[in-house]
Amino acid sequence: MSDIGLITCDAPPSETGHGPLPVYIRSGEGDVIGSGVTGTPIAVPPGRYYATVLLPDGREIGAPDAVIVASGQQEQCVAGVCWIASPQAVGVAAPTAGAAPPMASATAVSPPPPDGSANEATVTLWRGNWLALWRDGEMHRPELSAPGQRLATGSPLNIDSVGGDDQLLALPIEGGASPLMRLFIVPYDIPAGGGVRHISAQLNIAGGSPQVDFRTSDAAVNTMLAFVEANILTNMMRLTTELVKQAEAGTNVAAISTLGTITGTYILLRSNVLEGVEKWLDQVDEIDPGQPDISILRVEMLGRLGRHDDAVEFLKGMIGGRAPWFRAGLSYMLERLRLYVDVSNNPDAPFALSANDMDAFKRARNALEIVLPMMDNNRHMATFDVPWDIA
Amino acid sequence: MAESLILDRRDQLAGKGAMHAILIGVSDYMFLPPSDDPPGEGLAALKKLSSSSITVAAIARKLQELDAEQRLARPLGTIRLLHSPAPEELAAQPDLATIGGAPAIRAEIATALRAWRKDVGTAKDTQAFFYFCGHGIRRTLEESILLAADFLEDEPKLFNAFRLSNIRNGMVPGQQFPDIGREQFYFIDACREKPDALDALDTTETPKVFDAELGSYDDRKAPIFFATTTGGVAAGPALKPTYFGNALLWAMDNGSFDKRPVDGIAGNVWPMTPPSLKVGIEIANALFDSRVELTGLVADPVLCFRRDPPRLPVRITLSPDPLIEPVEAMIINELNTGSTQQITPCANCGPFAVEITAGMYQLAINPASAKFARNRSDIVYLSIQSKMPWTFDLGSVP
């Protein structure tokens, strides 16, 4: 007779479009007894528990009643939303003075409800090495072919990637103090079993100012991306832990999805979990050699492991080539360039930079120092706001 | 040199992992104009501040309070305070003159940082706490130039300043400090704008506090909290803690997601970790919605904790309005203790704000007429990461 029972929890019926979602099993006193993801049994001691499913928007929905599990038994529960609707995106009043937080006088800044005209935008796709647009201390405006393509909310634009070029999606932003072009770095995914490098671009106006979210054909990857966008590392790690389990069980994680694996690796590095990362990177590299985030993730991992000479060699290989898609990757690249330029004259530096290398490192560093301040820090995929009157 | 240490329990805690805090608050910038003067030229467009010293003093008190309640993940070993209060801060809070510490000029800051690193470097299980409140200048994403009280005393212009990355890189496990504490919290309560005058300087380098050293295996958990995103402005009301500081004080009490076991702490507790502190700060002040930037080696180190559930504000909306009138009462039922709160809704007067503690909840709707039956919601877990307002669609009630 086992001294544990199993609880498997499924997502609310209205939320089945997601991949695996985090599940928490709590005691009546609120202690977290177990955690896992939807559809996967979670072992707990016999008892009476509340099971909840965490949605990407932060709602944590439980089953209508507590779950009682006996030793050796398996219980199934389905979280349901019944008549509770999603949080509203429209303007709401700030908490009253009686509410807990100290800054009751602060006003909630809620975006105005998007009007009909904002439900679509014209975007233009540009192919090439986008980082090379920033050179000689300034940005050289890319030539955008007219006319652009229409992108409407609820009507995604499918983008294929061909050849080794990276892509930008340019979306004009008007109505502010000065006209801007919002440039989105376009990723792609190679799904399970290989196939076309593909991504879907979706217009997102929930925050007021238009953004483009990227989604793949894989629900699990999209769920991970949604949690990354929600930007709570604890929840991202809960999902990534499942990927770690699959890797430990011998699964080639990159074969599940390259973008999912790259995203998961960024989450691991953000948590400074380095174990197993090299193997993941090798697996993605085999499926998509030359993918730029793999290179910078490897540089960062090697640097953190103290293997600076190897990190420097990989960094040399990146300069002048394709640039990472992820904001964090660009930031890692800049910080590594800075550090290695800084310490290269130390007598005990474990690497040597030739004059040419040093020059290349400094040029790359200087270019990134111009690029990065233009980046939107609320977006995980690199997004830039560029004044559009730049010559 | 003045003594920056205002609390020193190193002898008592010898051999135990302790927290070592360094708090730098600069209001009285000696070479910047007062806040009500016209702005100066170039970098002198920056002005004196009036809440930095009050903020770091409040953080120092909070750390001591949490330590006294045994709610810090590590006992408090040292506090180094470097502050330059504005005269009006001293008038408003006279204890700032007696709290101790050293003036926040560059030389004192550098000396204190080196001593702080030495303390953190004594054992891997020590914890570092760094808080800077004052003027900052954006350099790039994870980098800020932090300005000391004697900024602009002389040339080069950025001499009396220091780089955040130099501090962080100096705290890496390496040859000099192989056993440096692996959990390091950095809080930057400063603007991250880039003044145009910075472009006119031939270099934006600042003198180093620590020599650059390449780390060995960097297994730190070292989150950085920026009070604002790149290009943004950190602010505060005069003579009160800054918005960020005040929100952090609230989050150190209430910024926890759930109750769970934590290594080294007996029993299950509600821990405050970098991700939960970030959400706590954003909940505490609506100004911070999506503005606090959490970066660095974030991971999940526990700064502090509480044993009872934290408080959180909840806002509830009923819709559509025409169906609200038949609702007599909305009852919020906390399932652990069975405690309830009752709200009488009215049309066009929501959302309804209540304060609760985190936990499992169920809501019941009592009808005032036969328009619909009494009903209850699913069980939900409410914590600081629950998005508000919580909206109930009365139209779908059977």
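Modeller: Happy to, and keep in mind that this is a predicted model.

Biologist: Then let's start with open spaces: what volume does the second largest pocket have?

Modeller: The second largest pocket has a volume of about 790 Å³. Of its 35 lining residues, Arg260(B), Thr273(B), Asp300(B), Pro301(B) and Val302(B) are the closest to the centre.

Biologist: Which elements supply at least two residues each to the lining of the second largest pocket?

Modeller: From chain A they are β2 (22-26), β3 (32-37) and α2 (233-248), and from chain B β10 (260-262) and β11 (265-272). The most comes from α2(A), with six residues. By class, the lining holds 14 nonpolar, eleven polar and ten charged residues.

Biologist: How many cavities of 30 Å³ or more are there?

Modeller: There are three. What makes them cavities rather than pockets is that a 1.4 Å probe fits inside but cannot get out. The largest cavity has about 350 Å³ of space.

Biologist: Which residues lie nearest the centre of the largest cavity?

Modeller: Glu300(A), Arg336(A), Arg168(B), Asn169(B) and Asp218(B), out of 22 lining residues. Both chains take part: α6 (292-304) and α8 (327-343) of chain A, plus α4 (164-170) and β12 (293-297) of chain B, each supply at least two residues. The largest share is the five residues from α8(A). Sorted by class, this lining has five nonpolar, eight polar and nine charged residues.

Biologist: And what lines the second largest cavity?

Modeller: That cavity holds about 60 Å³ of space. Its lining is made of Arg59(A), Glu60(A), Ile61(A), Val380(B), Tyr381(B), Leu382(B), Ser386(B), Lys387(B), Met388(B) and Trp390(B). Two elements give two or more residues, β6 (60-62) of chain A and β20 (380-382) of chain B. β20(B) has the largest share, three residues. Six of the lining residues are nonpolar, one is polar and three are charged.

Biologist: Tyr381(B) is in that list. Which residue lies over the face of Tyr381(B)?

Modeller: Arg26(A) does, at 3.3 Å from the ring centre. The distance part of the rule asks for CZ of Arg within 6 Å, and 3.3 Å meets that. Another case is Arg106(B), which lies over the face of Phe159(B) at 5.9 Å from the ring centre.

Biologist: What makes Phe132(B) and Phe162(B) an edge-to-face pair?

Modeller: Their centres are 6.0 Å apart and their planes stand at 85 degrees, so the label is edge-to-face. Phe132(B) sits in strand β4 (residues 127-134) and Phe162(B) in strand β7 (residues 161-163), both of chain B, so the pair ties together parts that are 30 residues apart in sequence.

Biologist: How do you know that Phe132(B) counts as buried?

Modeller: Its relative accessibility is 0%, and buried means under 20%. Phe162(B) also has 0%, so it counts as buried by that rule. In chain B, ring pairs also link Phe129(B), Tyr131(B), Phe187(B), Phe225(B) and Phe244(B) into a cluster.

Biologist: Now cysteines. How many disulfides are there over all chains?

Modeller: The count comes to zero.

Biologist: Why is the sulfur of Cys304(B) too far for a bond?

Modeller: The closest cysteine sulfur, in Cys133(B), is 19 Å away.

Biologist: Last one: why is Val273(A) called partly exposed?

Modeller: Its relative accessible area is 31%. Buried would be under 20% and exposed over 50%, so 31% falls in between. Val273(A) lies in the loop between α4 (258-270) and α5 (277-287) of chain A.

How values were computed:
Residues are numbered from 1 along each chain as its sequence is written. Chains are lettered from A and ligands numbered from 1 in the order in which they are written. This is a predicted model: local features need pLDDT of at least 70, side-chain atom pairs count only at pLDDT 80 or more; totals for chains, interfaces and linings use all residues. Side-chain values use heavy atoms; hydrogens and water are left out. Rings of Phe, Tyr and Trp (its six-membered ring) pair if their centres lie within 6.5 Å; planes under 30 degrees apart count as stacked, over 60 as edge-to-face and the rest as tilted. Helices (H or I, at least four residues) and strands (E, at least two) are DSSP runs, numbered from the N terminus. Buried means under 20% relative accessible area, exposed over 50%, partly exposed in between (1.4 Å probe, protein chains only). A charge sits over a ring if NZ of Lys or CZ of Arg is within 6 Å of the ring centre and within 35 degrees of the ring normal. A disulfide is a pair of cysteine sulfur atoms within 2.5 Å. On a 1 Å grid over the protein atoms alone, a cavity is a set of points where a 1.4 Å probe fits but cannot get out, and a pocket is an open set with protein on both sides within 12 Å along at least five of seven lines; lining residues have an atom within 4 Å of a point. Grid points are joined across faces, edges and corners, and a volume is the space filled by probe spheres set on the points. Ala, Val, Leu, Ile, Met, Phe, Trp, Tyr, Cys and Pro count as nonpolar, Asp, Glu, Lys and Arg as charged, and the others, Gly among them, as polar.
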